[in-house]
Amino acid sequence: NEKREEEQVKESSSGSDSESEEEYEDVKILPTETELLSCMFSSWFNLFKKWTFKSEMIPLSEEFIEFLQEDGIMLAPEKYENARPKDPWDDTLDGWSEERDGEEETEEAPTKSFPELEAKIKQIIKDLEGEVLPKLNWSSPKDAVWINVGSTLKCTTPTEIFLLFKSSDFITHDLCYSFSECKEATSRTRPEQFVLVLRKWYALVHSMEFRCFIKNRKLIAITQRDVHHFYPFLLKPEQQQNIKQTVLNFYQKEVENVFPEENVVMDIYIDKNGRVWIVDFNPYGAPTDTLLFSWGELEKVAGEELKIKVVKSDMEPTQPIVNRSRLPVDVLGGYDISSTASIESFVQMMRDMPNNHQ
């Protein structure tokens, strides 16, 4: 088995880095309903508990699911006044209020609350050392990190989690469209049970996150996961061969005969000691992002040697797809809004601009 691993990595050492880019036929790959269900966090977590980050799951009530699907950002009353998003033209953020057009504005806090859920979340956050990364059955709200202080998924309160979930298109997809792209016709529109997943927060080194494509139980391709940054050390042939060997060893020993599906996309992290951690499993097909590959290319290389792709220069990085859901770049003008202070400074700048109320 070890000899087979070494031969596969050796064959791929010349890889795609020196090859010219080819044009590949655009194909659409759709997962089966079973493959989608196998990629739910609750389906695979216990199988790979040893190889992933400490996590806890909370079953969600239908009342809370309805709350997530309602229009508007409504936060629990307990935290409402301190956490609600600021209106850029609301002078009350400076600590004082005034009457506009002779009328004092009032706003009612939402009446819904989920005290039992909040209590469970607070206890889990405490158990996981005060910081967690939240996700639903399949997705995390990474497209909504702009609304969280620090622009990360790190949460320390239930309110931060609720706000991220209410602001995320990825979460909406899990709630409403999770089975909309199945290979076969299905009457299923959602899983039987939605769960809130709280994972212990770690500040991962993004250069060592990789997305791995498995077809017919064979590891066929690896791509850099952070495709909007260039990491020169990843171009070194010895580094790429080490990554291939590490990932291949891990897949064949720990995943190949354990994960129930033949086709899957696996996100992994390699720490400084060379240990592989499973970040997530995704369906092989839409809506999973192929990053530096295309589905057409993946289908072509499926019968070939293991292939790896990384960003090759500082001119190559692309804007991450999740940015499509963020604030418009032309509005921000490059302004940094990664902290509470800088957000308030940005709002003050916008208020001081001429004709800002027109």
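In strand 3, Val 197 is the bridge partner of Lys 135. This pairing belongs to a predicted model. Strands of a sheet pair through backbone hydrogen bonds, either parallel or antiparallel.

Strand 3 (residues 195-200) is mostly covered, with 6 of its 6 residues buried. Val 195, Val 197 and Arg 199 point one way. Leu 196, Leu 198 and Lys 200 point the other way. The mean pLDDT is 81, and 71% of the residues reach 70 or more. Over residues 1-20, pLDDT stays under 50. For that stretch the model has 33 contacts beyond four places in sequence. Over residues 354-358, pLDDT also stays under 50, and the model has 4 such contacts there.

Strand 6 (residues 264-270) and strand 7 run antiparallel and are joined by 6 bridges. One of the pairings sets Val 265 against Asn 282, its bridge partner in strand 7.

In soluble globular proteins, nonpolar side chains tend to be buried together. In this model, the largest nonpolar core has 41 residues. Leu 219, Val 255, Met 266, Ile 278 and Phe 281 have the most contacts inside this core. At least two core residues come from each of helix 3 (41-44), strand 3, strand 4, strand 5, helix 9, strand 6 and strand 7. Helix 9 gives the most, with 6 residues. Val 255 shows how such contacts reach across the sequence. Leaving aside neighbours within four places, Val 255 is in contact with Phe 48, Phe 250, Met 266, Ile 278 and Phe 281. Another core, of 29 residues, lies apart from the largest one. Among its members are Phe 114, Val 132, Leu 136 and Leu 198.

Helix 7 (residues 158-166) is largely enclosed by the rest of the structure, because 8 of its 9 residues are buried. The buried residues are Pro 158, Thr 159, Ile 161, Phe 162, Leu 163, Leu 164, Phe 165 and Lys 166.

Aromatic contacts were considered next. A pair of aromatic rings is described by the distance of the centres and the angle of the planes. The structure holds 17 aromatic pairs. In one of them, the rings of Phe 48 and Phe 281 have their centres 5.3 Å apart and their planes at 40 degrees, so the pair is tilted. Phe 48 lies in the loop between helix 3 and strand 1, and Phe 281 lies in strand 7, so the pair ties together parts that are 233 residues apart in sequence. Phe 48 has 1% relative accessibility and therefore counts as buried. Phe 281, at 1% relative accessibility, counts as buried too.

In a second pair, the rings of Trp 138 and Phe 179 have their centres 5.7 Å apart and their planes at 80 degrees, so the pair is edge-to-face. Trp 138 lies in the loop between strand 2 and helix 7, and Phe 179 in the loop between helix 8 (169-176) and strand 3, so the pair ties together parts that are 41 residues apart in sequence. Trp 138 and Phe 179 are both buried. One aromatic cluster is formed by Phe 41, Trp 44, Phe 45, Phe 48, Phe 259 and Phe 281.

Some backbone details stand out. Most residues other than glycine have a negative phi, and most peptide bonds are trans. The peptide bond from Ala 286 to Pro 287 is cis, with omega near 10 degrees. Pro 287 is found in the loop between strand 7 and helix 10 (295-301). Ser 151 is not a glycine, yet its phi is positive, at about 55 degrees. Ser 151 is found in the loop between strand 2 and helix 7. At 31% relative accessibility, Ser 151 counts as partly exposed. Asn 216 also has a positive phi, near 55 degrees. Its place is in the loop between strand 4 and strand 5.

Terms used:
Residues are numbered from 1 along each chain as its sequence is written. Side-chain values use heavy atoms; hydrogens and water are left out. Two strands pair if DSSP finds at least two bridges between them. Helices (H or I, at least four residues) and strands (E, at least two) are DSSP runs, numbered from the N terminus. Buried means under 20% relative accessible area, exposed over 50%, partly exposed in between (1.4 Å probe, protein chains only). pLDDT is the predictor's confidence in each residue, from 0 to 100. Contact means heavy atoms within 4.5 Å. A nonpolar core is a set of buried Ala, Val, Leu, Ile, Met, Phe, Trp, Tyr and Cys residues joined through side-chain atoms within 4.5 Å. Rings of Phe, Tyr and Trp (its six-membered ring) pair if their centres lie within 6.5 Å; planes under 30 degrees apart count as stacked, over 60 as edge-to-face and the rest as tilted.
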